[in-house]
Amino acid sequence: MANMTLTKTPMPEQEPQVRAHNFKEVALGYTAEMAMEEAGRCLNCKKPKCVEGCPVNVRIPEFIAKVHEGDFKAAYEIITSTNALPALSGRVCPQESQCESKCVRGIKGESVAIGRLERFVADWYRENVNAMPEKAVSNGIKVAVVGSGPAGLTCASDLAKKGYQVSIFEALHTAGGVLVYGIPEFRLPKAIVANEVRKLEAQGVEVMTNMVIGRVLTIDELFEMGYKAVFVGSGAGLPMFMNIPGESLKGVLSANEYLTRTNLMKAYTEEADTPVIKSKAVAVVGGGNVAMDAARCAMRLGAEHVYIVYRRGEAEMPARLEEQHHAKEEGIEFKTLCNPVEILGGEDGRVNGIKCVRMELGEPDASGRRRPIAIEGSEFVLDVDTVIMALGTSPNPLIRSTTPGLDTNRKGGLIVDENEMTTRTGVFAGGDAVTGAATVILAMGAGKKGAAAIDAYLKK
Amino acid sequence: MYKIVRKQELNASVTLMEIEAPFVARKAKAGQFIIFRIDEMGERVPLTIAGYDREKGTVTIIFQKVGFSTNALGALKEGDYIHDFVGPLGKPTPVEGKKKVCVVGGGVGCAIALPSAKAFKEAGAEVTVIVGFRSKDIVILEDEFKAAADRLILMTDDGTYGRHGLVTQPLQELLEAGETFDEVLAIGPVPMMKFVCRTTQPFGVHTMVSLNPIMVDGTGMCGGCRVTVGGETKFACVDGPEFDGHLVDFAELTSRNGTYRDREAEVKENHVCRIESMGKALIK
């Protein structure tokens, strides 16, 4: 008999007052007992809708049945047959709009906690087995993957399983893309990312860091070197600014810079050489997950006041509800329906305030969201010494500007056909490099599709 | 890991190192830069490429020991390794189609001016080089410049060697005497580049400068190195590092470069050199 409790088994978390001052993981994960109890809530549907909601089609009811039996190893093998990175996706996927949104238990009560179970299985495996995957029999065909973010890692893993000889070219000094420079340690411990990269290397994938494709090597040179196909998963790393007065003052940073210093360069630790700005009061401009991450980092780095400044209302925020909730619990103040018009500075060239105007919502625009309109004469100043711009990012132009014949759309995303192939034969692309900033799991899905398409192309 | 194959002290605070980095050496061009990271906890520091040997697969860097990371790098020896060395980054110096140029270098900036002067020369230009140093004891690369330039003017601020005065003096004289240049390229401290631009502006001589803002990734993903050029925001790491000096907002660059000054001072004061302590631990 299934566990008919209407609510998810709660997952233990660090107390908000405690975690707001450390970089340790917020969510602590299920124990085996909790996982087995929660797994009992799954009805094992004949036609599981949840699987359709998963961009990498994890066989959800099957793995959950194994969790219920307490056979966690079998559960892990089922998950990893379609998903190379469960410890990551279980943590950072927006399950509420994917697998869990389709769960029948969600009609009356809460859906099954699929993400938490996936995470539990992956963590259990890492802590208890952590066997490195076997190398597949090589077919001797070389494939290059540009970028080691979620799209590239997934693509490389799938190709390696099929016997391809895969090399990943990463521009930074550590593999992982946004998983290492963007998403903070308290949401995704970096040791877990590193373990996934080690598993990939055990599969025979060569990971080359400090390789900026477009500068060190061009796509054309990769073909000259004998790679038969290239997958571009270079992401959307180009930060946007507002072009308002005062944006070049000391203390105005893109969220990418702030997060890179904090996470990749480990500026939150005593031992790191990279400095990060020490702030008393911080305004983070934007309402997405990146804004929440930056705000929560600022709090942990010792700021007394951290504001989220967002031009629409709370209901319109693109950040996950869970992230908004976590941020608020940690004391982050939300200034919604506010838009910055100028950043103010002192004679020392440092930020000392941000002038905002209050907004109201008008008619829906082309994106279907209600358009924010400034209320005249409603300007006010927030006293801050740091402003972090988290307005979104667009695809980095380095590869497209150095590769002839690689077409992009108006927003800089690489154009691909239904087989993920770009306008250059043999060059495939996926993830944010194609779509612009999206989610980790969509990038993983694109990497998976890219690997299948490359396999089909090379078998022709 | 990248091996230091040669180390040479050029003067008390300026060091030359030749680093084994075949991929960087294959593509490097004058005007481009690298980013190094000394060890696992190191910061990413940009340095302009001072030379390269494509056959040996090495890249030469010349740096001044000004802070924690450059001091730590300077403490390493031949045969030691550094953790990361990535490049070439940025755009190369555009040298094509210029018949007569003047390259102006200041202090350690001369190390960066040298490959650009050579590149102009190789592209067929007549090259005048003006280099300036504070004093005789910090003069570097004099022979190399002599070999690369059609005309070399060496200045010291205190008159202990070469001509007495600043680099802008001979430049001003040349321009006043009716000398014309297709381009002046200035590389050195921000005030020097600013004053070179002021000198050339009334004569309408196209002037490029190599900017040195704070950088993190060097690949265009963070905007830490943003500068204002002609009223537009540019990222020096991908759009530069060379820009039209008559359009650069130098005051803003100077101000932004001071963002972490307090912290840098604190680190210099209190930081126990990891390499030193590692060495001591090994001896124990």
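Predicted model: local features only at pLDDT ≥ 70, side-chain atom pairs only at ≥ 80, totals over all residues.
A salt bridge joins the side chains of A:Glu221 and B:Arg26, with an N to O distance of 3.3 Å. Between chain B and chain A, the count of salt bridges is 2. Polar contact across this interface involves 18 residue pairs, both residues being at pLDDT 80 or more.

Several elements of chain B each supply at least two residues of the side that touches chain A: helix H1 (22-27), helix H2 (68-74), strand S7 (84-89), strand S15 (232-235) and helix H8 (250-256). S7(B) gives the most to that side, with 6 residues.

## Extent of the interface

In total, 42 residues of chain B are in contact with 43 residues of chain A. The area buried between the two chains is about 3,600 Å², and carbon and sulfur atoms give 54% of it. Within chain B, the residues that lose the most area to chain A are B:Met41, B:Met221 and B:Tyr260, which together account for 20% of what that side buries.

## B:Arg263

B:Arg263 belongs to helix H9 (residues 261-270) of chain B. This residue touches A:Ala272, A:Asp273, A:Thr274 and A:Pro275. With a relative accessible area of 24%, B:Arg263 is partly exposed. From B:Val229, B:Arg263 is separated by 34 residues in sequence and by 28 Å in space, C-alpha to C-alpha.

## A nonpolar surface patch on chain A

A:Met4, A:Leu43, A:Val104 and A:Ile107 make a nonpolar surface patch of about 380 Å². Of these residues, A:Val104 is found in the loop between helix H6 (86-92) and helix H7 (114-128) of chain A. A:Val104 is partly exposed, its relative accessible area being 34%.

Definitions and conventions. Residues numbered from 1 in each chain as written. Chains lettered and ligands numbered in written order. Heavy atoms only, no water. Patch = residues over 30% accessible without salt bridge, like charges linked within 9 Å, V, L, I, M, F, W, Y side chains within 5 Å. Areas by Shrake-Rupley, 256 points an atom, 1.4 Å probe, with all protein chains shown as cover. Salt bridge = Lys/Arg side-chain N within 4 Å of Asp/Glu carboxyl O. Helix = DSSP H or I, 4+ residues; strand = E, 2+ residues; numbered from the N terminus. Buried < 20%, exposed > 50% of the residue type's maximum accessible area, 1.4 Å probe, protein only. Contact = heavy atoms within 4.5 Å. Buried area = accessible area lost by both parts, 1.4 Å probe. Polar contact = N/O pair within 3.5 Å; in protein donor to acceptor, adjacent residues only side chain to side chain. Lists of a residue's contacts leave out its neighbours within four places in sequence.
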